[in-house]
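Hi everyone, thanks for coming. Let me put the model up, and then I'll talk through the charged pairs and the nonpolar packing.

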Amino acid sequence: MEWTEVKIYTEHSGVEALSDALIAAGIDGLMINDPEDIREFERNKNASWDYIGEEVWELCGKDTFVTVYLDKDDPTALETVRGAVDSLRSRDDVGSLEMKFGTVADEDWANSWKRFWKPMEIGERLLITPSWEEVPAGTGRVNITLDPENSFGTGRHHTTRLCLELLEKYIKPGDTICDLGAGSGIISIAGMLLGGASATAVDISADAAKTSQENARKNGIPDERYTALCGDVTTDRSLVSKITRDGGYTLVTANIVADVLIAMAYVFKKLIAFDGILILSGIIDNRKDEVFEVMKSYGFELIEERNCEMWNAAVFID
């Protein structure tokens, strides 16, 4: 099935009026593209959505517009949209209301975002290549083939980059890895490809756990050396017991948000080996001191920290 895509250009001040007019005319399924919303999140460091990656900006662009998708075989739908838009033209706060048209096939929607994600070098040793791209030749880097599916973790966000940079510095051959909040599995898979002996990846999302396991297989890591599980280690003591290993993990990583890192502090202590390395990321500036103090209260010693814009990552030793 094909759809008519209609983009109606407006301004931040006109988004609500335009959306209301379209809904009142019986047009639903609107998609709003307003860069000001993203800027507001970045200005508000207490916003609940901590992660705003570069890919969001690339998808969003600079323009403000409302997109609707109309059944190409419905002869009245486009005129309905034109009527709703024309009803606003006397206002001076809605922008140009220029309309641009295109055609979209059902199968294009799920894949259109892929054009924004290309192979990317991280740190001194790593290369992240999406599964639908060819691996660049001659880089001399350790390649991670990755398909994020519905999970966080492409390597593009500052938090993931910081975590990977610290991982490649501190990992040792034969390390046993536990990655909490694994997302796509990018951190634990990188650790395995850099010489880790085994990895346990845990995420609260079943989709993420499935994606992590599949990504590990795509990178040639056998199931007996890589285990992905779904669950919440902050509340599920049986899960914590299940993933606990004799002697502990020599490397524990968590790239999440400050509140969850704080809630996981006792879990880190239970899982990590003596003299094991703990790498944390996802910490915004105004929560850094709080997170660090909690980790110190559990006996972890801070040995390195890094910052990129408003984001922080740190390495602790038990």
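So, the structure holds 14 salt bridges, a salt bridge being a side-chain nitrogen of Lys or Arg within 4 Å of a carboxyl oxygen of Asp or Glu. Keep in mind that this is a predicted model: local features need pLDDT of at least 70, side-chain atom pairs count only at pLDDT 80 or more, and totals for chains, interfaces and linings use all residues. Residues are numbered from 1 along each chain as its sequence is written, and side-chain values use heavy atoms, with hydrogens and water left out.

Take lysine 72 and glutamate 2: their closest N and O atoms sit 3.3 Å apart. Lysine 72 is in the loop between strand 3 (65-71) and helix 4 (77-86), while glutamate 2 is in strand 1 (residues 2-9), so this pair ties together parts 70 residues apart in sequence. (Helices, H or I with at least four residues, and strands, E with at least two, are DSSP runs numbered from the N terminus.) Lysine 72 is partly exposed at 43% relative accessible area; buried means under 20%, exposed over 50%, partly exposed in between, with a 1.4 Å probe and protein chains only.

There's also a salt-bridge network linking Glu165, Lys169, Glu304 and Arg306.

Now the inside. The largest nonpolar core has 37 residues, and Ile128, Leu164, Leu167, Tyr226 and Ile279 touch the most other members. By nonpolar core I mean buried Ala, Val, Leu, Ile, Met, Phe, Trp, Tyr and Cys residues joined through side-chain atoms within 4.5 Å. Helix 6 (residues 158-170) gives the most to this core, six residues.
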